[in-house]
Amino acid sequence: MTTSNPPTRHAAVGLRDIAEQLNVSVSLVSKVLSGRLGTSGANVTKIRAIKEKARELGYQKNLLAEALRTGRQNVLALFLHRHGEPGSGIVDQMIIGIAEEAASADQRLAIHYYESPQEFRAFIPRIHPNAIDGILLGGVPHFEIIDDLKSMYARRVPIVSVHDTQLDPQLPNIGIDQREVTRIATNHLIDQGCKSIAHIRVMASSTPLANNRFEGYKLALKDRDIDFRPELVVEAENFTYEVGVDAATRLLKSGVKFDGVVAACDTHGLAVINTLVRAGIRVPEDVKVTGVDNAPFCRYGLVELTSVSQEFQVRGGLAARMLLDSLSGTPMSSSSVPPAISVRRSTER
């Protein structure tokens, strides 16, 4: 009969192991691997060597010891009211940006979904420094909870939101100018030779988003000396595909001539493309079309859709980084991220 020995247990790699192999101080290794170098001015080559050696030896931070030392929980809470049409991916992208940044700092992420101020307030008893280190807020903005948020902020619970604009001057935000979203899209169509550009304007919205996108469309026309023509604006009730088809159909039936369409979202953009193509109008040869959100399904229509991204992944990552930096004493301040356009077949010359 043969016997097998139990697997060998390798001792956990500590800071001292790394320090001895590189002939540096344990204090320096600790500061490099915990991100607490500050203004110590350590040699860049030495810092890189410490990080590489930590990876080589399989070093893992002792999160429990760190929590005891710092008094932090290593937990970030994300409160999210979902928004965007199904498949747009904007919520997923924001969560990815936040989660990646949190993971890089060995932080756990607790996600709580809510749809009303009452649902948000139900979580408040669990929001204190002994449970979480800070709050990230995203999705549909709720101005009704500003006082609740400011009360938590006063209790030294840092908060960063990912909304178009700040909820309140006391609450830092990573935002975006919605006027820039459609201004970029309209300018792109003008650069592609379009002169009669239609716009699908969503009227029903709980935020200024739709009006700001309408203003961005008009600003681009004005900047490029193109007359604004009200007959080229088609009103829509919401952001659904069916409403986009209806808007595109009404635009065609109006008889107005157009060579470009700035859609309010990607679902409308694909609805416009599919409606035009089925009516015998070529995209992009006869009409060029842009959308908003840069959703994964932009690549799956009858013609691949050019779209402007609201950069939710970037903004989520920046919000998480700002929150984490604030825990080390770095002051927080709001900022805005510029949108970015992804050009595809629907706007080619």
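**Reading a predicted fold, feature by feature**

Guide: Let's start with the contacts in this predicted model. Among contacts in the protein with a separation of 6 or more, 73% are accounted for by residues 24 or more positions apart.

Visitor: How many helices and strands are there in the protein?

Guide: The protein has 12 helices and 12 strands. Out of its 349 residues, 46% count as buried.

Visitor: Let's take a sheet. What is the order of the strands in the open sheet, and is the pairing parallel or antiparallel?

Guide: The general idea comes before the case. Backbone hydrogen bonds pair the strands of a sheet, in either a parallel or an antiparallel way. Here, 4 strands make an open sheet in the order E2-E1-E3-E4, and the pairing is parallel. Strand E2 (108–113) and strand E4 (159–162) are at the edges with a single partner strand each, so one side of each has no neighbour in the sheet. From one strand to the next, the twist averages 20 degrees.

Visitor: How many bridges join E1 to E3?

Guide: Strand E1 (residues 75–81) is joined to E3 by 6 bridges, with the two running parallel. If you want a spot to look at, find Leu76, which stands opposite Gly134 in E3. E3 and E4 also run parallel, joined by 4 bridges, and Leu137 has Ser161 in E4 as its bridge partner.

Visitor: Are the faces of E4 covered or open, and which residues show it?

Guide: In a regular strand, side chains alternate between the two faces of the sheet. E4 is covered on both faces: Ile159 and Ser161 are buried on one side, Val160 and Val162 on the other.

Visitor: Next, nonpolar cores. Which residues touch the most other members of the largest one?

Guide: Nonpolar side chains tend to be buried together in soluble globular proteins. The largest nonpolar core here has 41 residues, and Phe258, Val261 and Val289 touch the most other members. Among the elements that each supply at least two residues of this core are helix H8 (178–191), strand E6 (197–202), helix H10 (241–253) and strand E9 (288–292). Leaving out residues up to four places away in sequence, Phe258 touches residues including Ala198, Leu232, Leu251 and Leu276. There's also a second, separate core of 21 residues, which includes Leu78, Leu80, Ile90 and Ile174.

Visitor: What about a single side chain, say His142: where is it found?

Guide: His142 sits in the loop between strand E3 (134–139) and helix H7 (146–154). His142 has a relative accessible area of 7%, so it counts as buried. The side chains of His142 and His81 are joined by a polar contact of 2.7 Å. Neighbours within four places in sequence aside, His142 is in contact with His81, Tyr114, Glu115, Ser116, Pro117 and Leu167.

Visitor: Last one, a helix pair. At roughly what angle do the axes of H1 and H2 cross?

Guide: The axes of helix H1 (residues 15–22) and helix H2 (residues 26–34) cross at roughly 115 degrees and come within 8 Å. The crossing is right-handed. At this meeting, Leu15, Arg16, Ile18 and Ala19 in H1 face Val26, Val29, Ser30 and Leu33 in H2.

Terms used. Residues numbered from 1 in each chain as written. Predicted model: local features only at pLDDT ≥ 70, side-chain atom pairs only at ≥ 80, totals over all residues. Heavy atoms only, no water. Buried < 20%, exposed > 50% of the residue type's maximum accessible area, 1.4 Å probe, protein only. Polar contact = N/O pair within 3.5 Å; in protein donor to acceptor, adjacent residues only side chain to side chain. Contact = heavy atoms within 4.5 Å. Pairing = 2+ DSSP bridges. Axes fitted to C-alpha atoms, helices over the stretch in contact; angles between N-to-C directions. Core = buried A, V, L, I, M, F, W, Y, C linked by side-chain atoms within 4.5 Å. Left-handed = near helix turned anticlockwise from the far one by under 90°.
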